[in-house]
Amino acid sequence: MIAFNARSTWTIYKREVMRAMRTAMQSILGPVLTTVLYFVVFGAAIGGRMQSGMAEVNYGAFIVPGLLLLTLLGESVSNGSFGIYMPRFTGAIYELLSAPVGVAETLIGFVGAAATKSLILAAIILTTATFFVDYTIVHPFYTLGFILLVSATFSLFGFILGIWADSFEKLGIVPVLFVVPLTFLGGTFYSIDMLPEPWRSVAMVNPVVYLVNGLRWCFYGKSDFPIGISLAMTLAFLAACVVLIAWIFRTGWRLRA
């Protein structure tokens with residue numbers, strides 16, 4: 001059994017973080033600029049004419065958690081998938097597999113770096129949002145914990161996606177066709193309670209609805225669903241990703257393809 005090697009973990013983590021910093025214009029400023037445009041259009045421009053679904057929260061502040069999650073999910077998946085896909089694409093994965101590095105070190109290194117980048121983006125977006133909308137965070141500790149949990153969970157999911165993909169097209173198809181649409185339809189810009197039936201029941205099948213509402217509860221103490229449901233859904237998805245990754249490393253599926 002290979003003992004946990006903190007130095008190997010740090011090496012992988014540092015390399016992945018430095019790779020992200022080398023492409024900061026695309027990987028950090030791009031998502032932030034896109035989110036700023038949402039704040040300008042939906043927050044400052046037309047926000048005063050729309051209802052948020054929360055009497056005490058204006059529309060501009062209402063959409064902050066959803067817009068944050070929109071960027072967080074997309075970037076976490078992309079960071080996690082690209083980080084492991086590139087070693088497979090260049091053949092460097094064989095050096096990693098032959099090195100005395102265990103599954104835990106590999107996951108903490110790659111997924112930790114992807115989650116770190118997502119947390120940096122979250123901090124920049126929340127700071128930038130203060131220039132456009134007046135929002136408050138009722139539960140800052142829970143907000144930080146929930147953002148960290150979501151970032152780690154979807155970075156793990158991206159890691160799986162990066163192992164599954166055998167082309168750059170497949171690498172981008174899941175975020176574009178599934179993650180982004182589900183987030184837009186997950187209550188980012190509206191409350192689920194505002195939807196008539198049967199659309200409200202249909203929306204509740206969307207798992208991202210519970211993530212958006214979980215983060216919204218952390219911000220304002222109110223949401224369409226209890227925070228326990230949102231937390232349980234996130235932890236269940238995290239556990240599923242961990243189990244699948246354990247199976248991948250045990251069988252070598254796609255890693256040596």
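A salt bridge here is a side-chain nitrogen of Lys or Arg within 4 Å of a carboxyl oxygen of Asp or Glu. Keep that cut-off in mind for the first stop. The model on screen is predicted.

**Stop 1: Glu75 and Lys117**

Select Glu75 and Lys117. They form a salt bridge, with the closest N and O atoms 3.8 Å apart. Glu75 belongs to helix H4 and Lys117 to helix H6, so the pair ties together parts that are 42 residues apart in sequence. Are these two residues buried or exposed? Glu75 counts as buried, at 17% relative accessibility. Lys117 is also buried, at 8%.

**Stop 2: the largest pocket**

The volume of the largest pocket is about 770 Å³. Its lining has 34 residues, and those closest to the pocket centre are Ser27, Glu75, Ser78, Asn79 and Lys117. The salt-bridge partners of the first stop are therefore both in that list, given that Glu75 and Lys117 pair under the 4 Å rule.

Now colour by helix. Helix H1 (6-22), H2, H4, H6 and H8 each give two or more residues to the lining of the largest pocket. Which element gives the most? H4 does, with nine residues.

**Stop 3: along helix H4**

Next, colour H4 by accessibility. Of its 27 residues, 22 are buried, so H4 is largely enclosed by the rest of the structure. Step off the end of the helix to Gly91. Just after H4, this glycine takes a positive phi of about 90 degrees.

**Stop 4**

What is Leu68 in contact with? Its partners are Ala122, Ile125, Leu126, Ile147, Leu215 and Phe219.

**Stop 5: Ser155**

Move to helix H7 and pick Ser155. At 0% relative accessibility, Ser155 counts as buried. Show what surrounds it. Not counting residues up to four places away in sequence, Ser155 touches Ser76, Gly80, Val111, Ala114 and Ala115.

**Stop 6: helix H10**

Select residues 208-220, the 13 residues of helix H10. At 1.5 Å a residue they should span 18 Å, and the end C-alpha atoms are 18 Å apart, which agrees. How many of the 13 residues are buried? The count is 13 of 13, so "buried" applies throughout, meaning under 20% relative accessible area. H10 is followed by Gly221, whose phi is positive, near 80 degrees.

**Stop 7: Leu182**

Find Leu182 in helix H8. This leucine is partly exposed, with a relative accessible area of 33%. Leu182 and Asn206 are 24 residues apart in sequence, yet their C-alpha atoms are 6.7 Å apart in space. Not counting residues up to four places away in sequence, Leu182 touches Asn206 and Val208.

**Stop 8: other salt bridges**

The count for the model comes to four salt bridges. One of them was the first stop, Glu75 with Lys117.

Select Asp193 and Arg200 next. Their side chains meet in a salt bridge, at 2.9 Å from N to O. Asp193 is partly exposed, with a relative accessible area of 48%. Arg200 is partly exposed too, at 21%.

Finish at Arg15 and Glu16. This pair forms a salt bridge, and its closest N and O atoms are 3.6 Å apart. Arg15 is partly exposed, at 45% relative accessibility, whereas Glu16 is buried, at 6%.

Methods. Residues numbered from 1 in each chain as written. Predicted model: local features only at pLDDT ≥ 70, side-chain atom pairs only at ≥ 80, totals over all residues. Heavy atoms only, no water. Helix = DSSP H or I, 4+ residues; strand = E, 2+ residues; numbered from the N terminus. Expected span 1.5 Å × (residues − 1). Buried < 20%, exposed > 50% of the residue type's maximum accessible area, 1.4 Å probe, protein only. Contact = heavy atoms within 4.5 Å. 1 Å grid on protein atoms, 1.4 Å probe; cavity = no way out; pocket = protein on both sides within 12 Å on 5 of 7 lines; lining within 4 Å. Points joined across faces, edges and corners; volume = space filled by probe spheres on them.
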